Amino acid sequence: MRVSRGAPGLGLKEQLTVMKYSLKDTAINPVIRSKSGIAYMAFMALGLVILLASLTLGSGPNTSEGMPMSHDLRAFLATYGLNRFVITDVVGSVLTALTALTFAFASPKVPVREAEYELVLTQPIEVRDFITGKALVSVVQQFIFLPYVLSMLVFALFLAPSPAKALLATTSLLVITTYFALLDTATNIVALALAKRGLRKAFRLACLTYLIAGSIHTAMLGRPSPLLAVPLKPLAASLIYSLAISPSTAEVAGWLTLSLAPAALMFLLIPPLADTVGVEDLKPVALPGTARREERAGKGGKGAYVLKGLDMSSPDRAAMSVIYYSAILNTSHLRAVTAAVGVPVAACLAVRYFLPAWVAGVTGFALSFLIPFMTAMMLTSLLNAVIVNDLMTYWVYRVYLMRMEPVAKALLLKIVTYSLEAVAVVAASTTALTLNPLNLLLIPVTAPAVVVTSFASLALVTYFASKRKIVKQSPSGMYVMESSVVFLVELLFIVAFIGASAITQVLASINAALLLTAAAVIAVVVGAALTLALKEALAKLMERYDIAT
Amino acid sequence: MHAVEVLGLRKSYGKVEALRGLTLRVGFGEIYGLIGPNGAGKTTTLKCLVGLLKPDAGQVRVCGRDVVRERVEALKHVGYVPENPVVLQNLTVEDFIRFITSLRGLKWSDVREDFEDYLRKFRLAGKRKALMKELSRGMTQKALVIAALLVKPKVLVMDEPMAGMDPEAQHVFKEEVRRAVEEGATALISSHLLDMVERFCTRVGIISEGHLIMEGSIEEVKEAAAGSKSLEEVFLKVVSHGG
């Protein structure tokens with residue numbers, strides 16, 4: 001009798017097999033199978049070794065308070081009563097709020113890459129083992145991607161008071177990112193299990209009620225409520241205490257050990273919950289967010305979400321309509337922008353009225369680090385989306401439109417619009433904190449920098465797409481290496497943005513309305529001129545490089 | 001002047017030479033079948049023809065226009081159906097096809113009648129308002145074929161155009177391509193469906209390791225391959241013996 005080869009085996013072996021090949025496919029081979037990838041990783045590894053060596057040999061932060069920058073930051077925060085206990089409570093509250101929101105709005109579909117859906121899941125392997133294997137991948141990826149680790153170490157070195165604490169801070173950051181990677185998987189499965197029992201809405205309501213209760217309690221106390229601050233305190237404390245002077249290394253190590261518990265809990269939740277998942281619950285999608293978008297699209301009127309009808313009256317208008325207007329002028333995008341502006345503005349107004357002592361501290365931290373960083377991260381992910389949504393259909397334009405200028409113009413304007421929307425979040429938040437509308441002029445003032453970085457990012461993406469065939473082979477957009485290089489380009493934007501926002505704030509504070517308006521007008525003119533010039537340059541680049549689809 | 005003229009075409013991907021001096025000519029009014037084993041260079045040839053890939057050396061001409069130097073002029077004559085179609089997922093079928101014709105500068109009112117006709121023939125009328133992402137592979141293929149036919153190109157370049165199509169749609173496809181050819185167009189089709197190529201194409205080229213190793217009408221290649229009875233037999237003889 002003919003015997004089939006292979007049969008279901010023990011779970012752990014399958015989980016490790018899934019992990020091994022998934023890592024090879026997504027993280028290892030894309031780097032080691034190209035000379036530039038190897039060179040890049042070698043460069044990063046060398047940087048990591050040098051940094052670690054300098055730490056152990058004592059050339060790192062060796063004073064009791066670390067580098068001057070961290071000392072200044074602590075002094076600055078202390079001025080506003082922001083000591084490590086308060087900051088730990090705030091960070092803990094934010095982490096809890098993010099966790100609750102992720103649980104509340106998670107999709108009840110587990111996203112899977114198309115190739116895995118077609119190939120792996122047709123093998124005799126339990127869905128539970130597949131999902132657990134993928135969860136393991138998300139854990140390992142945090143620790144093996146050197147540029148990521150290196151950037152965290154550099155961040156920690158600047159802020160930590162000692163080399164040992166810098167290492168602890170880096171480890172703590174990695175634990176936090178691992179926690180969120182596992183949370184993403186766990187929440188999808190929990191949402192699915194609840195949906196099958198008809199409890200999803202009740203659970204969402206419970207999560208939101210908890211958040212609202214925590215927020216009300218916070219407002220009543222005038223400081224973060226224990227309801228929000230305590231659940232994930234170990235994660236927050238291990239990071240914040242490693243950047244503080246007073247706690248001993250042993251104390252930080254203790255918090256770090258405790259911080260493993262939430263990540264471990266998430267990981268341990270996954271296999272038993274995944275037992276309830278069937279293959280039909282897995283959603284073959286290109287991007288993790290796609291499942292959620294498609295779920296929403298299925299509920300609404302398909303295609304009708306585009307506010308401005310598609311204009312097909314000329315080739316240029318058709319390209320603009322499909323690439324730009326359909327992405328920008330649709331209700332889901334407008335809702336997202338409204339929320340992205342509205343929520344921080346509401347938070348800033350709340351800080352202004354309920355916690356006035358925090359205004360300067362919050363403004364400084366948000367404008368100098370948090371928001372530019374988040375913006376750069378967001379732009380990198382948007383470029384991924386551009387690759388998936390626009391460059392993957394590039395053949396249509398190459399064959400049927402023939403000229404690349406309309407495509408280049410629409411893509412450039414799209415990224416510029418997304419960037420300016422991010423700037424609008426900062427400008428509106430600053431205005432809410434200071435109640436000075438002159439801060440809104442930050443939006444036009446940053447226009448030239450936005451145009452240049454948008455062009456640079458798209459040009460890089462075009463180059464990568466031609467060299468590494470990422471359009472064809474990476475279903476989720478860029479590979480990690482490309483993402484990190486684009487992120488480095490976005491750092492240019494961060495520098496330009498911080499400069500522009502500092503100047504705008506100074507001019508707004510001294511009420512130099514005329515000067516600021518003139519600067520805004522000049523910036524808009526320069527930005528428009530740059531857009532005109534760079535769209536042609538981008539079109540030439542797109543025509544020059546092959547992007548095989 | 002030939003509809004398609006490829007002279008000494010070379011294209012490499014890093015160290016891998018996909019095309020090693022390929023030369024082929026396709027006249028107007030021909031249905032030319034390009035066949036060959038996996039990795040022979042068929043798709044690379046077609047991508048060079050439609051300007052998606054730039055040749056390392058050699059010339060590619062469509063209707064006498066150099067695809068590299070006179071890209072826009074050359075591509076005005078081309079309709080293309082790719083091998084692995086990635087389409088604009090969130091457009092409806094009608095919008096997608098309107099979009100393609102609009103990119104070509106065609107007025108919808110001028111093509112609408114033909115569009116309706118194709119929709120009916122390919123049994124896609126019920127899907128005109130469906131999003132492209134909701135279509136099956138075969139239906140996507142039908143939409144791409146309709147788009148390519150609708151711009152009335154002089155040269156139809158199609159890479160495995162019937163993949164996933166049901167038998168009725170395959171029949172309609174062949175009828176419509178024949179009709180386009182009768183009107184003066186040329187079809188260059190890459191396919192592994194040797195039975196279809198044998199019955200449908202007027203001439204065939206066998207490509208292997210980046211070279212054209214045999215070319216001619218179906219009868220000519222059968223004769224040349226020691227009196228083979230079918231194109232499949234020709235293929236197996238020629239490819240396994242390296243021509």
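Predicted model: local features only at pLDDT ≥ 70, side-chain atom pairs only at ≥ 80, totals over all residues.

Reader: Where in chain A is the mean pLDDT of an element lowest, and where is it highest?

Author: The general idea is that pLDDT expresses the predictor's confidence in each residue, from 0 to 100. In this structure, chain A averages a pLDDT of 79, and 79% of its residues score at least 70. Among the elements of chain A, the lowest mean, 43, belongs to helix H13 (residues 288-299), and the highest, 93, to helix H11 (residues 233-242). Over residues 287-305 of chain A the pLDDT is below 50, and this stretch has 22 contacts in the model beyond near neighbours in sequence. Residues 6-10 of chain A also stay under 50, with six contacts beyond four places in sequence.

Reader: How many helices and strands does chain A have, and how many does chain B have?

Author: Chain A comes to 23 helices and two strands. Chain B has nine helices and ten strands.

Reader: How is the packing of two helices described? At what angle do the axes of H4(A) and H9(A) cross?

Author: One considers the distance between the axes, the angle, the handedness and the residues that meet. Helix H4 (residues 84-105) and helix H9 (residues 200-221) of chain A have axes that come within 8 Å and cross at roughly 160 degrees. Because an angle over 145 degrees counts as roughly antiparallel, H4(A) is roughly antiparallel to H9(A). The crossing of H4(A) past H9(A) is left-handed. On the side of H4(A), Ala97(A), Ala100(A), Phe103(A) and Ala104(A) take part, and they meet Arg204(A), Cys207(A), Leu208(A), Tyr210(A) and Leu211(A) of H9(A). By class, the residues of this contact are eight nonpolar, no polar and one charged.

Reader: Which residues of H8(A) and H11(A) meet, and at what angle do these helices pack?

Author: Helix H8 (residues 163-196) of chain A packs with H11(A) at about 155 degrees, the axes being 8 Å apart. H8(A) is therefore roughly antiparallel to H11(A). Their crossing is left-handed. From H8(A) come Lys165(A), Leu168(A), Ala169(A), Ser172(A), Leu173(A), Val175(A), Ile176(A) and Tyr179(A), while H11(A) contributes Leu235(A), Ser238(A), Leu239(A) and Ser242(A). This contact comprises eight nonpolar, three polar and one charged residue.

Reader: Are H5(B) and H6(B) roughly parallel or antiparallel to each other?

Author: In chain B, helix H5 (residues 137-150) and helix H6 (residues 167-182) pack at an angle of about 10 degrees, with axes 12 Å apart. They are therefore roughly parallel. Gly138(B), Lys142(B), Val145(B) and Leu149(B) of H5(B) make the contact with Ala169(B), Phe173(B), Glu176(B) and Ala180(B) of H6(B). Five of the contact residues are nonpolar, one is polar and two are charged.

Reader: How is burial judged? Is Val31(A) buried or partly exposed?

Author: One counts the neighbours around a residue. Val31(A), which lies in helix H1 (residues 11-32) of chain A, has 19 C-beta neighbours inside 10 Å and therefore counts as partly exposed, because a buried residue needs 20 or more. Helix H1 (residues 42-49) of chain B is mostly covered, with eight of its eight residues buried. Among them are Lys42(B), Leu46(B), Cys48(B) and Leu49(B). Gly51(B), which follows H1(B), has a positive phi, near 75 degrees.

Reader: How many residues of each chain are in contact with the other chain?

Author: For an interface, one asks how many residues take part, which elements supply them and of what class they are. Here, 27 residues of chain B are in contact with 22 residues of chain A. Helix H2 (71-75), strand S6 (78-81) and helix H3 (93-103) of chain B each supply at least two residues of the side that touches chain A. H3(B) gives the most, with six residues. This side of chain B has 17 nonpolar, four polar and six charged residues.

Methods: Residues numbered from 1 in each chain as written. Chains lettered and ligands numbered in written order. Helix = DSSP H or I, 4+ residues; strand = E, 2+ residues; numbered from the N terminus. Contact = placed C-beta atoms within 7 Å. Axes fitted to C-alpha atoms, helices over the stretch in contact; angles between N-to-C directions. Parallel < 35°, antiparallel > 145°, perpendicular 65-115°, else oblique. Left-handed = near helix turned anticlockwise from the far one by under 90°. Nonpolar A, V, L, I, M, F, W, Y, C, P; charged D, E, K, R; others polar. Buried ≥ 20, exposed ≤ 12 C-beta atoms within 10 Å, placed from the backbone.
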